[in-house]
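Q: Please take me through a close look at the aromatic rings in this one. How many aromatic pairs does the count come to?

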Amino acid sequence: MGYPQGITPRRLRANFYKCADGTEYPHYLSWSPVDLPEPNFHCPKFFGSLKLKKRKGKSN
């Protein structure tokens, strides 16, 4: 997915996660909580909102 040239969204929905399921002590971590019996970090229902700021000196 992309945005047309010159279009910059001001808000995005996302989640950041860490999966350490192949380690001696499997564990999972996410920025936005995922309330499901099994970890599923790709479920938009549990994404958080990111507000983007306009960079100084940029025209768009």
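A: Let's start with a word you'll meet all the way through: a residue is buried when its relative accessible area is under 20%, exposed when that area is over 50%, and partly exposed in between (the probe is 1.4 Å, and only protein chains are considered). What you're looking at is a predicted model, where local features need a pLDDT of at least 70, side-chain atom pairs count only at pLDDT 80 or more, and totals for chains, interfaces and linings use all residues. Residues are numbered from 1 along each chain as its sequence is written, and side-chain values use heavy atoms, with hydrogens and water left out.

Read from the N terminus on, the elements go β-β-β-β. The radius of gyration is 16 Å, well over the 10 Å that the globule rule gives for 60 residues, so the protein is more spread out than a compact globule. That radius is taken over C-alpha atoms, and the globule rule is 2.2 Å times the number of residues to the power 0.38. Along its principal axes, the C-alpha trace spans about 50 × 25 × 20 Å. Of the 60 residues, 13% count as buried.

How confident is the predictor? The pLDDT (its confidence in each residue, from 0 to 100) averages 85, and 92% of the residues score at least 70.

Now for the rings. A pair of aromatic rings is described by the distance of the centres and the angle of the planes. Here, rings of Phe, Tyr and Trp (its six-membered ring) pair if their centres lie within 6.5 Å; planes under 30 degrees apart are stacked, over 60 they're edge-to-face, and the rest are tilted. By this rule you get 3 aromatic pairs.

Take Phe16 and Trp31: their pair is edge-to-face, at 5.6 Å centre to centre with 70 degrees between the planes. Phe16 sits in the loop between strand E1 (11–14) and strand E2 (17–20), while Trp31 sits in the loop between strand E3 (27–30) and strand E4 (48–51), so this pair ties together parts that are 15 residues apart in sequence. Phe16 is partly exposed, at 47% relative accessibility, and Trp31 is partly exposed too, at 43%.

Another pair is Tyr28 with Phe41, and this one is tilted: 6.4 Å centre to centre, with 40 degrees between the planes. Tyr28 belongs to strand E3 and Phe41 to the loop between E3 and E4, so the pair ties together parts that are 13 residues apart in sequence. Tyr28 has 41% relative accessibility and is partly exposed, but Phe41, at 10%, is buried.

Ser32 counts as buried because its relative accessibility is 10%. Leaving out residues up to four places away in sequence, Ser32 touches Asn15, Phe46, Phe47 and Gly48 (a contact means heavy atoms within 4.5 Å).

You'll find Tyr3 in the segment before E1, partly exposed with a relative accessible area of 44%. Not counting residues up to four places away in sequence, Tyr3 touches Pro9 and Leu12.

What about the cysteines? The loop between E3 and E4 holds Cys43, which is partly exposed with a relative accessible area of 21%. Cys19 is partly exposed as well, at 40%. A disulfide is a covalent bond between the sulfur atoms of two cysteines, and the cut-off used is a pair of cysteine sulfur atoms within 2.5 Å. The structure holds 0 disulfides.

How values were computed
Helices (H or I, at least four residues) and strands (E, at least two) are DSSP runs, numbered from the N terminus. pLDDT is the predictor's confidence in each residue, from 0 to 100.
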